[in-house]
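Morning, everyone. I have one model to walk through today. Please have a look at it while I talk.

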Amino acid sequence: MVTRSLCQGAFAVLRRVEPTLVLEQLGSCLFATALQMVVKDRCVNASHPDAQTAMSDFYMTYNLIDGLVPILPTLLLARLGDRGWRRLPIAVALGGYVLLSLALLLVVVLRLPLEVMFGGAVVHGLSGGFGAFWPGVMTLVALSSTAAERSKAMMTVELLYGAAGVVGSLASGHLFLLYSSSLGTGTVLIVVGALLQLLGLAQATFLLQVKPESHQGTEETSHLLPDTCGEVPSEVPSEVPSEVPSEVPAPVERNRVNIVLLVAAAMLYVSAVGGAIEILEVFVLKEPLNWSATQVGYGHAAGCTIFLTSFLGVIVFRRCVSDTALILMGMLSFASGIYFMSFVRTTSMFYLARSLNLFALIPMPTIRSLLSQQVPASSCGTTLTYMQIALKFAGLAYIPAFTKIYQRTLDWFPGFVFTLSSVITVLGMIPISIFGCRSRQKRKYTRIQVD
């Protein structure tokens, strides 16, 4: 009787979306470490005179492809999901992850050129990537819970995602060191990652349950979404808990000045974070750090830990500070940490710098939350979508710019791009401060009218 009950409980868990999420995150973290080490191995051992230039050029092209190609597929998959194909965005995105891992496996086993990964990034992008996977997951979480339980359910999913990222990253470096004499270093890690993603795809295709939408409320829930291991935090549409008190009531008409201020702050912050994180992946592979696979995994785990600390920061501070203060606190956290990164020379200094980034993932979700309050409810989704697309296209500017600046300053000040990122973040605090002043004046004026 007990065995039967356990089997039924296990089967019920497999019908939920949480196992899909954990399997995807574990596989993605393993892939991120594997890709970083394969790129280092190919560029260092090749005849290229400057390995850092070769690595940064690779990541520049790879990130541009992986960021821009998914835009239209993500919109298409979202529309199909809204028409009742709720599992489709998740399953298709997971299929893209599997194919991307297989591309890396072929590069390692068959000694194919590293440029093959550009084709893998195109395939991954055409599947929607993380931009299709995460909204699909959160939609199923919303559908499987009542309005009263939805906030707690989403927070549980987000914490699971962050915890899985830490575990996967910590394990990735050790798995990379497992050697297959016939296939080479890194194949075990890539195969394990691909198998985890394949299991996630199978579970999403055959077991994942989609509940009816009869109890789905009209209330909008917004939550902190994670930084994927080894990826740029701002690339992921992030939200904050809906319990955060709003500073501005939902307007009847668009508040164009506030929209411009918020979008300007978002563009500056995304550019600063995106450019710095892209270079950071290359920076840790050069002297004096010159990280091994194990250290790369630990570094990715530190990034996933920042997701957890940012999430907890929202929970702790949301009742005592305003949304504007939350954004400024997060921006200051990133600006101070990334400035300190400019002078990092040892691994311990790296982790000290990352510890200053505890709340770096708070600004973007909170900006989106405030932006949704500046437009009528009927156009909220469209506004947020347009901003997300604008942020994607911003990558066309900041990714090449940071890469070329890093290459030009590599010999005399390798950390210059991190100082630049810190300066851009501080500039992004200006429109947020103006927005906060306007919000306080509006609330004061409203109170005077009421009195």
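Start with Val 423. It sits in helix α16, residues 416-450. Keep in mind that this is a predicted model. Is Val 423 buried, partly exposed or exposed? Its relative accessible area is 44%. Buried would need under 20%, and exposed over 50%. So Val 423 counts as partly exposed.

Together with Leu 427, Ile 430 and Ile 434, Val 423 makes a nonpolar patch of about 330 Å².

Now the whole surface. The protein chain exposes about 19200 Å². Carbon and sulfur atoms supply 67% of that area.

Next, the inside. The protein chain has 451 residues, and 55% of them count as buried. The largest nonpolar core holds 87 residues. Which of its members touch the most others? They are Leu 35, Phe 58, Met 117, Ile 367 and Phe 418. Helix α10, residues 256-283, gives this core its largest share: 15 residues.

There is a second core, separate, with 22 residues. Its members include Ala 91, Leu 140, Val 141 and Ala 204.

Back to Leu 35 for a moment. Leave out residues up to four places away in sequence, and Leu 35 touches Phe 58, Tyr 59, Tyr 62, Leu 104 and Met 117.

Last, the overall fold. The chain has 16 helices and two strands. Take the contacts with a separation of 6 or more: 83% of them join residues 24 or more positions apart.

That's it from me. Over to you.

Conventions
Residues numbered from 1 in each chain as written. Predicted model: local features only at pLDDT ≥ 70, side-chain atom pairs only at ≥ 80, totals over all residues. Heavy atoms only, no water. Core = buried A, V, L, I, M, F, W, Y, C linked by side-chain atoms within 4.5 Å. Buried < 20%, exposed > 50% of the residue type's maximum accessible area, 1.4 Å probe, protein only. Helix = DSSP H or I, 4+ residues; strand = E, 2+ residues; numbered from the N terminus. Contact = heavy atoms within 4.5 Å. Areas by Shrake-Rupley, 256 points an atom, 1.4 Å probe, with all protein chains shown as cover. Patch = residues over 30% accessible without salt bridge, like charges linked within 9 Å, V, L, I, M, F, W, Y side chains within 5 Å. Salt bridge = Lys/Arg side-chain N within 4 Å of Asp/Glu carboxyl O.
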